[in-house]
Amino acid sequence: MKSKKIYYSFFIIYVIMLIIVDQLTKYIVRVNLADGDLDIIPGVLQLHLLFNTGAAFSILTGKTLFFYILTPIVACVIIVFFLKLPLESKYQPMAFCLATLVAGAFGNYIDRLAFGKVTDFIYFSLINFPVFNVADIYVTLSVIFMLILILFKYKDEDLSKWLKKKKA
């Protein structure tokens with residue numbers, strides 16, 4: 001039981017640290033980029049302050065109430081999946097992915113609660129990619145790695161062991 005508490009405590013601390021990094025970067029950008037953009041690699045990468053009331057790529061713009069309701073529900077579902085993971089080392093990559101996904105969701109949720117919009121600032125001008133933030137990176141990379149794990153690492157029996165209902 002003690003190892004379970006340590007395991008979960010580690011992931012709670014991991015999620016909190018990721019959220020702090022996300023919020024700190026957004027704060028620094030809000031304070032320092034109010035007057036204009038900053039070229040990191042001219043013509044390729046710049047910091048460009050933008051506020052987004054929608055989801056990724058500005059879909060569902062202005063549907064803030066929807067995100068106030070949806071984000072905690074989705075986060076709870078992800079946490080349930082996390083808690084159902086067997087405490088075996090083979091599932092640790094998935095645990096990191098789920099924890100990173102929750103951190104990304106809460107990172108943007110904090111912005112919505114505090115400002116009614118999400119602070120975005122990373123812009124790849126070379127390919128005119130939509131402006132995004134650190135929490136978006138967490139969400140994107142965790143989903144990509146989860147798909148890789150599901151497709152290439154875990155066998156059907158691994159997934160059924162994880163997702164099966166526990167008997168009373």
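The sulfur of Cys97 lies 20 Å from the closest cysteine sulfur, that of Cys76, which is too far for a bond. A disulfide is taken here as a pair of cysteine sulfur atoms within 2.5 Å, and by this rule the count comes to 0 disulfides. Cys97 is buried, at 7% relative accessibility, whereas Cys76 is partly exposed, with a relative accessible area of 48%; in these terms buried means under 20% relative accessible area, exposed over 50%, and partly exposed in between, for a 1.4 Å probe and protein chains only.

This is a predicted model, in which local features need pLDDT of at least 70 and side-chain atom pairs count only at pLDDT 80 or more, while totals for chains, interfaces and linings use all residues. Residues are numbered from 1 along each chain as its sequence is written, and side-chain values use heavy atoms, with hydrogens and water left out.

**Overall architecture**

The chain contains 5 helices and 3 strands, which follow one another along the sequence in the pattern α-β-β-α-α-β-α-α; helices (H or I, at least four residues) and strands (E, at least two) are DSSP runs, numbered from the N terminus. The C-alpha trace spans about 60 × 30 × 30 Å along its principal axes. Of the 168 residues in the chain, 39% are buried. Among contacts with a separation of 6 or more, 69% are accounted for by residues 24 or more positions apart, a contact being heavy atoms within 4.5 Å. The accessible surface of the chain comes to about 10,300 Å², and carbon and sulfur atoms hold 72% of that area, as computed by the Shrake-Rupley method with a 1.4 Å probe, where for residues only the protein chains shown count as cover.

**Salt bridges**

A search of the whole structure finds 4 salt bridges, each defined as a side-chain nitrogen of Lys or Arg within 4 Å of a carboxyl oxygen of Asp or Glu. The table lists some of them.

| Pair | N to O distance |
|---|---|
| Asp22 and Lys26 | 2.9 Å |
| Asp111 and Lys26 | 3.5 Å |
| Glu88 and Lys161 | 2.1 Å |

Asp22 and Lys26 are 4 residues apart in helix α1 (residues 2-32), and so are separated by about one helical turn; both of these residues are buried. The side chains of Asp111 and Lys26 also meet in a salt bridge, and this pair links distant parts of the chain, with Asp111 in helix α3 (residues 92-115) and Lys26 in helix α1, 85 residues apart. Asp111 and Lys26 are both buried.

The salt bridge between Glu88 and Lys161 likewise links distant parts of the chain, since Glu88 sits in the loop between α2 (64-84) and α3 and Lys161 in helix α5 (residues 156-163), 73 residues apart. Glu88 is partly exposed, with a relative accessible area of 31%, and Lys161 is partly exposed at 37% relative accessibility. Salt bridges that share partners join Asp22, Lys26 and Asp111 into one network.

**A nonpolar surface patch**

Ile137, Leu141, Val143, Ile144, Phe145, Leu147, Ile148, Leu151 and Phe152 form a nonpolar patch on the surface, with about 850 Å² of accessible area together. Patches are made of residues with over 30% relative accessible area and no salt bridge, like charges being joined within 9 Å and nonpolar side chains (Val, Leu, Ile, Met, Phe, Trp, Tyr) within 5 Å.
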